[in-house]
Amino acid sequence: MTHKRLLLIGTVATLLAVSPGVAIADDGPSVPPGTEATASAPLELDPNDPDLKLPDGATLAEPKVLDIKQVVEDQSGDERREDTNSNVTFALQAEVLFGKDSAKLGGEAKSRIAAIADEIKKQNAARIRVFGFTDNLGSSAHGDVLSRKRANAVHGILVQELSDSGVTYEVRGYGEQYPIADNSTEAGRKKNRRVEISFPRTES
């Protein structure tokens, strides 16, 4: 009688172990599928394989340093600086420079632009781009005109600060084109309402 009872318990335990939907904990380490360790040696490469050699007469391209971009934005998001190997770009929020829907520079604008002019002098830049941008509210035509007027206003201060006839400027208004943030939110639209000042950086 005792033997039959033990056999029955063993059968029930086996059924529980394989029943679908029952979670069984595993004390072993969890490894993502396909990343398990293998005992096989690494693949050996044949250095004489013709597929690993350059064809006769071919040469390697000149080494090139990839363009590295560094972006720094102040805590308020009012100003953004982007440095690459070849250029420096400052983006100033429209609210810092202008009143709402206006191209008239506010009180803080001149000091902000003057600080950028100092950086331009430091880089000895002779070619400066001043581009205006808006968000996508209102008509596209209105945004084009407003962004151009704002770019012109910033350009005027740069001319005063740099007072260098050897500097050339490219001034454009792009309206709602080239957004840098999502226009579906006010936070994004605020970033898109901007004036960018860019110039080549000094090669070191």
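Student: How do you know that the span of helix H3 agrees with its number of residues?

Tutor: In this predicted model, H3 has 14 residues, numbered 109-122. At 1.5 Å a residue the helix should span 20 Å, and its end C-alpha atoms are 20 Å apart, so the two values agree.

Student: Which residues of H3 are buried, and what covers them?

Tutor: The buried residues of H3 include Ala109, Arg112, Ile113 and Glu119. Their cover includes strands S2, S3, S4 and S6, as well as helices H2 and H4. Just after H3, Asn124 takes a positive phi of about 55°.

Student: Why is strand S3 called largely enclosed?

Tutor: Of the 7 residues of S3, 6 are buried, so the rest of the structure largely encloses this strand.

Student: What makes S2 and S3 a pair of strands?

Tutor: Pairing requires at least two bridges, and 5 bridges join S2 to S3, which run antiparallel. In this arrangement Asp83 stands opposite Val88.

Student: How many bridges join S3 to S6?

Tutor: There are 7 bridges between S3 and S6, and these strands run antiparallel. Thr89 stands opposite Ser198 in S6.

Student: How many aromatic pairs does the structure hold, and why is the pair of Phe90 and Phe199 called stacked?

Tutor: The structure holds 4 aromatic pairs. The ring centres of Phe90 and Phe199 are 6.3 Å apart, which is within the 6.5 Å limit for a pair, and their planes are at 25°, which is under 30 degrees, so the pair is stacked. Phe90 belongs to strand S3 and Phe199 to strand S6, 109 residues apart, and the pair links these distant parts of the chain.

Student: Why do Phe90 and Phe199 count as buried?

Tutor: Buried means under 20% relative accessible area. Phe90 is at 6% relative accessibility, so this residue counts as buried. Phe199 is at 1%, so the conclusion for Phe199 is also buried.

Student: What makes Phe133 and Tyr174 a stacked pair?

Tutor: Their ring centres are 5.6 Å apart and their planes are at 15°, so the pair is stacked. Phe133 lies in strand S4 and Tyr174 in the loop between strand S5 and helix H5, so the pair ties together parts 41 residues apart in sequence. Phe133 counts as buried at 4% relative accessibility, and Tyr174 is buried with a relative accessible area of 16%.

Student: Which residue lies over the face of Phe133?

Tutor: Arg194 lies there, at 3.9 Å from the ring centre.

How values were computed: Residues are numbered from 1 along each chain as its sequence is written. This is a predicted model: local features need pLDDT of at least 70, side-chain atom pairs count only at pLDDT 80 or more; totals for chains, interfaces and linings use all residues. Side-chain values use heavy atoms; hydrogens and water are left out. Helices (H or I, at least four residues) and strands (E, at least two) are DSSP runs, numbered from the N terminus. The expected span of a helix is 1.5 Å times one less than its number of residues. Buried means under 20% relative accessible area, exposed over 50%, partly exposed in between (1.4 Å probe, protein chains only). Contact means heavy atoms within 4.5 Å. Rings of Phe, Tyr and Trp (its six-membered ring) pair if their centres lie within 6.5 Å; planes under 30 degrees apart count as stacked, over 60 as edge-to-face and the rest as tilted. A charge sits over a ring if NZ of Lys or CZ of Arg is within 6 Å of the ring centre and within 35 degrees of the ring normal.
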